[in-house]
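Please look over the model before reading on.

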Amino acid sequence: MMTILFVVSMEEEAADNCKTYLDKSLEYDPKNPESLQLLASYWLSKEELELARKSILDSLDNWLPQYLEAEKSGPLVDPSQAIALTYDARINTSRILTEVKEFDKALQVLEQLVEEDDEVVVIWYMLGWVNYCKGEEYYSNAKYYFKRANEVNNNNIS
C-alpha cells in the first residue's frame, strides 16, 4: 500500500513540475503555440475542459492565421516555413480541439493536414470521428471518411 501512495505522490509531483515548466516557457514566450498546446494537454489531464479549450484556442490563434495566409499565395512546399508546429503536433492540435468540442476548428486543421498528405490514415479517421461527434446530420460524412481511412490503410498494407 505504501508503494501505491508513493507512486501517486510522484505522479502528482511530476504534474506540478510539468506545470511549473510550462508556466516558465509561457513567461518567456506567451504566444508559443507548442507551449500553449502542451498547457491544453495538461489541463485535459486535470479534467479542466474550459482551461484546456482556452489554451488550445490561444495556440491555434498563434499559428493558423499565418498558415492560412501563407497558403493563399499558393500551395506550401514546406508548411514549417509558415508555422513552427510539425505535422504530428498539428494532428495533436486537432485531437485536443475535438476533446474540447471545437469540432469546426478541428476540421479546419484536419483539412489542411489532408491537403499536405492524403495518405495518412489517422487524418482520415479523425475526419470521420469529428464528423461523427458533430451529430447525426454529419453521419454520412463520417461514414465517407471512415471508409476512406480504411482504403488508405489497405493501400499502405499492400
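How many helices and how many strands does the protein have? There are eight helices and zero strands, where helices (H or I, at least four residues) and strands (E, at least two) are DSSP runs, numbered from the N terminus. The model is predicted: local features need pLDDT of at least 70, side-chain atom pairs count only at pLDDT 80 or more, and totals for chains, interfaces and linings use all residues. Residues are numbered from 1 along each chain as its sequence is written, and side-chain values use heavy atoms, with hydrogens and water left out.

Of the 158 residues, 37% count as buried; buried means under 20% relative accessible area, exposed over 50%, and partly exposed in between (1.4 Å probe, protein chains only).

Helix α3 covers residues 49-61. With 13 residues at 1.5 Å a residue, α3 should span 18 Å, and its end C-alpha atoms are 18 Å apart, which agrees; the expected span is 1.5 Å times one less than the number of residues. The buried residues of α3 are A52, R53, S55, I56, S59 and L60. Their cover includes α2, α4, α5 and α6.

Q66 lies in helix α4, residues 64-72. Because its relative accessibility is 38%, Q66 counts as partly exposed. Leaving aside residues up to four places away in sequence, Q66 touches D61 and A82; contact means heavy atoms within 4.5 Å.
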